[in-house]
Amino acid sequence: APQFMIDWLGLPGGGGSVVWMRQAGLLLFYISLLYLPGGREPLRFTMNAKWAVLVRMTIGLYWFYLVFVEGRTRSFLIFGFLDVPLAILQGFLLWQILKRKE
């Protein structure tokens, strides 16, 4: 329901951007599947697990960049405030797991 989310979050766009929102959602779904091996077995798939943390942090910081550097709508901040803490939590948990491995 991309149009509902655009309206509910007060994001700019509409019309053609609904198609792009659907495409982005589908891409995110498939990319998220790549996180599964590292999430299920982080000691075996360490690079997947580390990559998931790095990518999540990069995405979160990108939302802050859009607002504070490019001057985009502050509505994008909600994504940054969700992604960055999640990346910090993922990084902490991964660090704990890898620390026990040694």
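Q: Take Arg-56: is this residue buried or exposed?
A: Arg-56 counts as buried, because its relative accessibility is 17%. The cut-offs are under 20% relative accessible area for buried, over 50% for exposed, and partly exposed in between (1.4 Å probe, protein chains only). Keep in mind that this is a predicted model: local features need pLDDT of at least 70, side-chain atom pairs count only at pLDDT 80 or more, and totals for chains, interfaces and linings use all residues. Residues are numbered from 1 along each chain as its sequence is written, and side-chain values use heavy atoms, with hydrogens and water left out.

Q: Which side chain meets Arg-56 in a salt bridge?
A: Side chains of opposite charge can pair when their charged atoms come close. The rule asks for a side-chain nitrogen of Lys or Arg within 4 Å of a carboxyl oxygen of Asp or Glu. For Arg-56 the partner is Asp-83, at 2.9 Å from N to O. This pair links distant parts of the chain, since Asp-83 is in helix α5 and Arg-56 is in helix α4, 27 residues apart. Helices are DSSP runs (H or I, at least four residues), numbered from the N terminus.

Q: What surrounds Asp-83?
A: Asp-83 is buried as well, with a relative accessible area of 10%. Contact means heavy atoms within 4.5 Å. Leaving out residues up to four places away in sequence, Asp-83 touches Ile-59, Gly-60 and Trp-63 along with Arg-56.

Q: How many salt bridges does the structure hold?
A: The number is three. Besides the bridge between Asp-83 and Arg-56, there is one between Arg-44 and Glu-41, with the closest N and O atoms 3.8 Å apart. Arg-44 is exposed at 61% relative accessibility, whereas Glu-41 is partly exposed at 38%. Arg-72 and Glu-70 make another, at 3.2 Å from N to O. Arg-72 is partly exposed at 47%, and Glu-70 is partly exposed at 37%.

Q: What does the length of α4 say about this helix?
A: Compare the end-to-end distance with the expected span, which is 1.5 Å times one less than the number of residues. Helix α4 has 23 residues and reaches 33 Å from its first C-alpha to its last, close to the 33 Å expected.

Q: Which residues is Leu-77 in contact with?
A: Leu-77 lies in helix α5 and counts as buried at 8% relative accessibility. Neighbours within four places in sequence aside, Leu-77 is in contact with Phe-64, Val-67 and Phe-68.

Q: Where in the chain do Trp-63 and Phe-79 lie?
A: Trp-63 and Phe-79 form a tilted pair, 4.8 Å centre to centre with 40° between the planes. This pair also links distant parts of the chain: Trp-63 is in helix α4 (residues 46–68) and Phe-79 is in helix α5 (residues 77–101), 16 residues apart. Phe-79 is partly exposed, with a relative accessible area of 22%.

Q: Which residues do ring pairs link into a cluster?
A: Ring pairs join Tyr-62, Trp-63, Phe-76 and Phe-79.

Definitions and conventions: Phe/Tyr/Trp six-rings, centres within 6.5 Å; stacked < 30°, edge-to-face > 60°. Helix = DSSP H or I, 4+ residues; strand = E, 2+ residues; numbered from the N terminus.
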